[in-house]
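Hello,

Here is the structure I promised to pass on to you.

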Amino acid sequence: MNLMVSTVERRRRLSSLWFVCQCSRCAGPDLVRQMRCPSCGAPRCLPDYGGEGGRQAGASGDWAAGRPLHELVPDAASWSCRACGGASPASAMPLGEEEELGELVPRAMQGAAEHAGRDSVILAQLRARAASAFGEGHWTFALATFAWLQKCYLQLRCEPLVAFSEADLRRGCSAVAAWLEACAPENAEQRYSALFVALRLAREVGGGPCSWGYDPADPLGGGLCAAERVRAHGWRLSEQAVEGGETGGAPQRGAGARGGAPCGAPAGPGTGPRPHPGTRRPFRGLWQRR
């Protein structure tokens with residue numbers, strides 16, 4: 001189960017075990033589901049699941065197997081804005097758009113490695129769509145950004161040309177890191193996943209951890225002991241660079257995009273990888289300004 005999704009989605013997926021989760025995260029404000037307020041426009045509108053800590057959500061009493069899931073674990077009937085203090089009915093929120101993006105983002109995320117270029121374009125579009133509809137505090141925006149970064153990493157390892165910049169990658173990694181820290185600080189699994197994606201990108205492109213959204217001394221904070229785990233995986237972090245880690249994780253395939261050279265191979269005769277002047281790392285792609 002993807003733990004980046006909203007409280008109501010997590011509870012519905014756990015309902016097959018015949019209980020409504022009341023952990024501290026599920027019982028608290030659903031910070032990963034922030035949307036734009038219909039009244040003031042601030043992206044700080046949260047669902048009100050009802051009852052103390054949302055304890056009435058899903059407490060419908062009759063858990064007959066034949067009842068629809070949306071009745072067993074109902075969604076919020078009203079939303080409250082943390083910016084203006086206003087309340088809005090669920091009918092005023094873009095819930096249809098949320099449902100559609102909640103299906104499209106995971107689908108694009110699960111695409112095969114050979115379709116990374118195509119999927120990265122789709123995810124960039126979905127990311128922009130989520131930001132426009134809800135703001136950047138919604139889980140669909142964060143998940144689309146995280147998945148887009150994964151696809152970009154695959155492209156850096158395998159494609160001769162890419163359509164994104166170093167600045168795009170750094171902004172994306174920093175945005176995901178900040179979102180997870182603010183909205184799901186106890187979601188250690190996803191925070192580690194985002195951290196290791198950022199480290200791989202930093203190793204390929206260059207730059208210290210700070211420019212990718214992480215403190216080299218304590219990347220995740222909060223007592224997660226991330227520095228120890230990073231070192232255990234062979235990574236070496238400094239203010240200026242990210243080095244080490246596993247290097248064999250790129251997918252291998254017979255040919256690159258557009259029938260080019262095999263993944264990781266030189267792009268053509270006499271065009272072997274050129275070393276990076278600062279770190280002696282080989283360039284794996286060519287930046288092209290459009």
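Below is what I found, going from the whole chain to single residues.

This is a predicted model, in which local features need pLDDT of at least 70 and side-chain atom pairs count only at pLDDT 80 or more, while totals for chains, interfaces and linings use all residues. Residues are numbered from 1 along each chain as its sequence is written, and side-chain values use heavy atoms, leaving out hydrogens and water.

The chain has nine helices and seven strands; these are DSSP runs, numbered from the N terminus (helices: H or I, at least four residues; strands: E, at least two). Of its 290 residues, 41% count as buried (buried is under 20% relative accessible area, exposed over 50%, partly exposed in between, with a 1.4 Å probe and protein chains only).

Helix H6 covers residues 139-158, and 19 of its 20 residues are buried. At 1.5 Å a residue H6 should span 28 Å, and its end C-alpha atoms are 29 Å apart, which agrees (the expected span is 1.5 Å times one less than the number of residues).

Thr-7 lies in helix H1, residues 7-14, and is buried at 1% relative accessible area. Beyond neighbours within four places in sequence, Thr-7 is in contact with Arg-25, Cys-26, Asp-30 and Tyr-49 (contact: heavy atoms within 4.5 Å).

Best wishes
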